[in-house]
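I opened a new notebook page for this model.

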Protein chains: 2
Amino acid sequence: MPLISQRGEEAHLSPIRKLSPYADAAKRAGKKVYHLNIGQPDILTPAAALETVRQTPIDVLAYSPSNGNASYRAKLPAYYQRYGIELTPDQILVTNGASEAVYFTLLACMDRGQTLLAPEPMYANYVGFAEMADVQMKAITSYIETGFALPDLEAFRRAITPDVKAIMLCNPNNPTGAVYPESMLRELAKLVLEHDLYLIVDEVYREFCYGETPFFSALNLPELEQHVIIIDSISKRYSACGARVGAVVSRNAALLTTIMKYAEVRLSPPSYGQMLAEALIETDAAYFSAVKAEYQRRRDVLVARLQAMPGVTCYCPDGAFYVFAKLPIDNCDRFCQWLLESFSHNNATVMLAPGSGFYATPGAGEQEVRLAYVLNETDLHAAMDCLEKALLVMSDE
Amino acid sequence: MPLISQRGEEAHLSPIRKLSPYADAAKRAGKKVYHLNIGQPDILTPAAALETVRQTPIDVLAYSPSNGNASYRAKLPAYYQRYGIELTPDQILVTNGASEAVYFTLLACMDRGQTLLAPEPMYANYVGFAEMADVQMKAITSYIETGFALPDLEAFRRAITPDVKAIMLCNPNNPTGAVYPESMLRELAKLVLEHDLYLIVDEVYREFCYGETPFFSALNLPELEQHVIIIDSISKRYSACGARVGAVVSRNAALLTTIMKYAEVRLSPPSYGQMLAEALIETDAAYFSAVKAEYQRRRDVLVARLQAMPGVTCYCPDGAFYVFAKLPIDNCDRFCQWLLESFSHNNATVMLAPGSGFYATPGAGEQEVRLAYVLNETDLHAAMDCLEKALLVMSDE
C-alpha cells in the first residue's frame, strides 16, 4: 500500500470543522447541538436574489470565464463605491469563495519558503493555505487583554526579515472581532512601502462593524495601489456561504494577470453562485442595517452571558460575528470534544472552535475558544446555558 | 512595487483558455467564433434536474459538509453500480469540479519533488496542478500513428525511477479520445503493484465510448483497492460544466481522510451545484444513449472533414469528445492565434486549442491541435469550412 504524502500526514486539521464527526455522533444519539463553531449564519439569504436565480432560464449550465461572468464583474464596482472605493471590473477576479482567493494570492505573490507575516489569533485556514502554497507563516501575537488590537508598528518592524514578502490581515477580524482603525492601517502602510511588501487584507466582514471605529479599506490607501490585494466573498455579506463566490481585488494588473493563470487551470467559479451573486448586488441598505442590528443584539447577549461566567475572560468585539474568549480550561481541544462526546444539558450541547487552531505559535490559545454568534437569541441563550453548566461540571471535577 | 512570485511568472498558461482575449476581440469586431477549443458542450443539461433545483426551497444558502452533502453522496453508489462498481458513500468525496479533485489527490499522494508519470498528450491542466503541488511531471509520449494508444508496459517500466510515486491516466482520454482496453489496464496494474504506486485515473468521460472497446474502470481492479484514485465530475456526463461538482473516489480510507483535511481548509463544494448533481442521478439511460449517438454523429462529421483536408492527419477516436489532429502547420500557437486575429471566412472563424500545451515535453505537439466536437453538425461544418479555408490560405503564403 503506497504511503500517504508526508505533507498530507502533517497537514493541520481545521479547528472549525475537525470535531464534526463528534457533532454528528452526538446528533445521531439524539442530542441537540448548537453550532457556534462555524461562521454559518442562520440569517436568511435575500429572497429576491434567490428568486432571480429561480427565474433565470438555463438551457446549458456552462462554464463561466475563468475570472468570472463579465455581467457580474461589471456590477461589482457599484458595490465597492458605497465604501468610497473606485474600481474597474478588470480589477476584480471571481473565485471559489474567499478560500481560493487566499490560495491563489499566496501563489502569485510568494515563492516557496518565503514568509507571510500575520497577527494571531488568525483565521485558521490561512495556515492551511500557507501549507499548501509552501510558504512560512510567521505570527505576531495579539492579546485578549487589549481586545486583540493590531500589534503595534514596532512589533511588525521587528518581525520583518528579508524572507518576508507579504503581510496578511483580516479586517474586521475573524476570529477576534477586532476592527483595525484607519490610523493603524496608515502607519502599517509606511512599513509596507518601506520594505516593498504585499499587503493582503481579508475584508469579508466589511459590513459588520458595530463600534465607534468605522471600517477602513486598504483599497483606500492610494500609495499602496501596487501592494494591496483584497480577499472578498459574498458568503457572510449576504448569508450565502454555499454559493462559493469570492473575489481577489487589486489594482496591481500584473498580479491579477498571474492569478488568472491559476484561475484558468481550474476553469471557472460556479455558475449558479455567480447568478446569485449578481442578483445580490441589488440588495438594499435596509437589509444590511437590519442584519447588522440583529448581529449586534446577538453579540450583546453572548458577551453578557460570557462575562457573567466565573473565570471567563471576554472583551466586547467591534466587528465580524465572533467572540474569542478565554475559559477556565487547560486544553481547548479536549474541552470542545468533551462538550460533544460526554456533556449534555437539557439533552443539548454546544459546539465551539478550539482556540489553539487559530494560532501559528505552537502551544498558544490552549485556554481559548472562538464562538460565532450566528444563531438567534433564544438559541444563543440555550447554548450559553450549556457552556455555563459545562464549566461548572469541569470545575467540580 | 513588489515582485510577482517566480513560480507565478513561470506558471504555464492553459492552452484551452489562453487565447480567449483574442476570441473576445474577434467577437467584438463582429466575427462569429466557433469554439472547438474547450470541452463546453451545447448539449442541454437535463431539464428535469434544473427544474428540481428551481423547486427546492432555500432559506439560507448554507455551507455543505466539506466532503459534500450526505444526501448526494448516499445516491452516488447507485450511479457507479451501473458500471459494476461497488462503492459506499464514504468512498466518495465531493469537490469543486474534477480540477480540485486532481489537485487534492496530488497533495495527498505525493510530496514535493516526487514524480508523476503520465502519457502525453495529456489534459493540459494536469501540468498546471502538478506545478501548484510542486511535483514533477514525467511524460511517456503516445503517438498519433497508433491512435494515441496507451504506451506499452515496457515504456512505463523504463520510466519508473525511485522518485515516481504515481501514474496518472485519463480514460477515455482527453485530449486524444483514446479508450484504454481492460487488458492494458490489467497489465499496468501489475506494474503499479510491483512498485507500490498510486494509480490516478480521470474517468470524467466514462459515458462517452463509441467503439468496440468497452469502458473499463480502474475501480474494477480489486488488487489495486489501496492504489486507485478516480477523478470524477458531472460536467461532461450531464453537460453541467458550470455546476463545478466533481469527486475523488477511492477505497483507500487513509487517503480520503488526508484529502478531507484539504477539503476542510476550503470549507465546502458549491451548494447549488450539489443540488443539481443530486437531482441528475435520476437521469435515465435514454438521455445517455441519445447524447452518445449525437456525439458519435459529430465525431464522424469532424473526422470525415479533417481527413478530407490535404496534409491533415487524423485517426477516428473511440471516446470522449475530442480529436487530436496533426495539421500542415509549423507552430500551433501562432496558427490558433492567427485564426482568431487575422483570418475570417464568411465573417467567421474557429477557435482551437494548440496541441503543444498538452505535452509536458518541450517542443512536442507544435503541429497538433485539439478539436472538441461540442457543437451541432451545422456549426461543426461551418467550423470545418473555416479550418479548410484557413489551411489553404496558409499553404498559399
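I looked up strand β5 of chain A, residues 164–170, and found it mostly covered, with six of its seven residues buried. I keep in mind that this is a predicted model.

Which strands pair with β5(A)? I noted strand β3 of chain A, residues 115–120, which pairs with β5(A) in the parallel sense over three bridges. For a residue-level handle I took Leu116(A): its bridge partner in β5(A) is Ala166(A).

Next I checked strand β6 of chain A, residues 198–202. It pairs with β5(A), again in the parallel sense, over five bridges. Here I picked Met168(A), whose bridge partner in β6(A) is Ile200(A).

β5(A), helix α8 of chain A (residues 182–195) and β6(A) make a β-α-β unit. Is that unit right-handed or left-handed? I read it as right-handed.

**Domains of chain A**

I moved up to the domain level. Chain A is divided into domain 1, with 6–44 + 286–396, and domain 2, with 47–280. I noted 25 Å between the two domain centres, taken over C-alpha atoms.

How many residues are in contact across the two domains? I found 35 residues of domain 1 of chain A in contact with 33 residues of domain 2 of chain A.

I looked at the domain 1 side of this contact. Both α11 (285–307) and β9 (322–326) of chain A supply at least two residues there. The largest share, five residues, comes from α11(A). By class, I logged 19 nonpolar, eleven polar and five charged residues on this domain 1 side.

**Chain A against chain B**

My last entry concerns the two chains. I found 67 residues of chain A in contact with 67 residues of chain B.

Which elements of chain A give two or more residues to the side that touches chain B? I listed α1 (6–10), α3 (47–55), α5 (97–109), α6 (124–133), α9 (253–265) and α10 (271–280) of chain A. Of these, α9(A) gives the most, with seven residues.

The side of chain A that touches chain B has 30 nonpolar, 21 polar and 16 charged residues.

Notes:
Residues numbered from 1 in each chain as written. Chains lettered and ligands numbered in written order. Predicted model: local features only at pLDDT ≥ 70, side-chain atom pairs only at ≥ 80, totals over all residues. Buried ≥ 20, exposed ≤ 12 C-beta atoms within 10 Å, placed from the backbone. Helix = DSSP H or I, 4+ residues; strand = E, 2+ residues; numbered from the N terminus. Pairing = 2+ DSSP bridges. Right-handed = clockwise from strand over helix to strand, strands pointing away. Domains from an automatic or database assignment. Contact = placed C-beta atoms within 7 Å. Nonpolar A, V, L, I, M, F, W, Y, C, P; charged D, E, K, R; others polar.
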